[in-house]
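Here are some exercises to work through with the model open beside you. Try each task before you read its solution.

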Amino acid sequence: MSEFFDALETREPHRRETELMAALPSLVAHAQAHSTAFADILRGVDAASVTTRAALARLPVTRKHELFERQKAQRANDVFGGFATTLRGPQMRRIYASPGPIYEPEGPRADYWRAARAMFAAGFRQGELAHNSFSYHMTPGAFIMESGAHALGCTVFPAGTGQTEQQLQTIAELRPDAYLGTPSFLRILVEKAIETGSDISSLKKGLVGGEAFPPSLRDWFSEHGMDVYQSYATADLGLVAYETASREGLVLDEGVIVEVVRPGTGDPVPEGEVGELVVTVLNEDYPLVRFGTGDLSAILAGQCPTGRTNTRIKGWMGRADQTTKIRGMFVHPSQVAEIARRFPQVRRMRLVVSGEMANDRMTLKVETTELAEGLAGAIETVVRDVTKLRGEVELLNPGSLPNDGKVIEDARSYQ
């Protein structure tokens, strides 16, 4: 039995990068020609020239709130806001509604979200029965996993959410091999099974998503006889990354191009630095180009010990949208980035808000190679110009700030 889902997982990295970059021009051109949203967003872009990561990084980032705003503005004519290129009928199998609502299309391809790759890495195999506890109501979570399971040749029990006792009964009687769902609900099932004496011993493996999955919870499942792995997927993009038996970060899916950018900008950060995940998905039905997920992560050095050669990320490390209200004014990460852009000698910035409610103190901590008093004063002037608020500036040596992706830190006391 192969250790890998397909040959793409073990491609020589340079070959993978070459093939991904070669796919970009046609994807961009297709988005411009068939998506009215990207015809506007990418207006003036020469698709044929987008053949490198540097060229990709010059394109604008589209974030979820912008997708929602375009959809809302066009509700009467196009619920997808011009982002989908497929039409209702044979080319659009389902339509989903995520909170907002944001509407997402499902195209006709088998394993449309590419989830089978993550399931294979988690040990799912043909002929097994998967107990799927993701929600089958409006959102695509359950269908993302079900389509992947079917692509592997698995049978699926559509458990959905809730009804813990009934779910335990079906597990005891149907004897499924694997679990799909959130880690928190799996824990509820295990704890309830222990309390009631229900036999769920057939569950030996699982693939979870939708929530943080700390190592402590992973180890707890292992102590109860289950090897549980995590996946990172979204309703817009499908699978982005997945865990392997090495338990060392998440390996990127083969159908996406991932960048890590400084929050509030579209500027890629160095390898290892925490930033926002920006994803371009090779999906012509819903060709999201540089889609900002709003999630924080970082690129890990080296390759997965399992032999998979694609890039790895640390996993979910928090949210990138750190917008904070200070003295009645909203301050956004993009404003901190704008301040930094005006000073080439600055490496990183972190705006720290301290004090108590109604007595805010704003300090901009700045990593720079030029620890000159005149620089601090100049930055303070720009802070007032950009944010309309007064703040102090603290100059620091490079490497002084934590590598956690935070651009704005709210350290106020709310007691």
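The exercises below go from a sheet to a strand, then to a helix pair and a single residue.

This is a predicted model, in which local features need pLDDT of at least 70 and side-chain atom pairs count only at pLDDT 80 or more, while totals for chains, interfaces and linings use all residues. Residues are numbered from 1 along each chain as its sequence is written, and side-chain values use heavy atoms, with hydrogens and water left out.

**Exercise 1.** Find the order of the strands in the open sheet of 4 strands, and name its edge strands.

Solution. Start with the order, which is S1-S13-S12-S11, with mixed pairing. Strands here are DSSP E runs of at least two residues, and helices are H or I runs of at least four, numbered from the N terminus; two strands pair if DSSP finds at least two bridges between them. Next, look at the ends: S1 (62–63) and S11 each pair on one side only, making them the edge strands. Now check the pairings. S1 and S13 (residues 291–297) run in the parallel sense over 2 bridges, with threonine 62 bridged to phenylalanine 291. S11 and S12 (residues 275–281) are antiparallel over 6 bridges, and valine 260 stands opposite leucine 277.

**Exercise 2.** Describe how helices H10 (residues 333–341) and H11 (residues 373–387) pack.

Solution. Begin with the geometry: the angle is about 140° and the axes are 10 Å apart. The axes are lines fitted to C-alpha atoms over the stretch in contact, and angles run from 0 to 180 degrees between N-to-C directions. Finally, list the contact (heavy atoms within 4.5 Å): Gln335, Glu338 and Ile339 of H10 meet Ile379, Val382, Val383, Val386 and Thr387 of H11.

**Exercise 3.** Is glutamine 71 buried or exposed?

Solution. Locate glutamine 71 in helix H4 (residues 64–73). Its relative accessible area is 0%, so glutamine 71 is buried. Beyond neighbours within four places in sequence, the contacts of glutamine 71 include Asp78, Phe80, Pro101 and Tyr286.

Terms used:
Buried means under 20% relative accessible area, exposed over 50%, partly exposed in between (1.4 Å probe, protein chains only).
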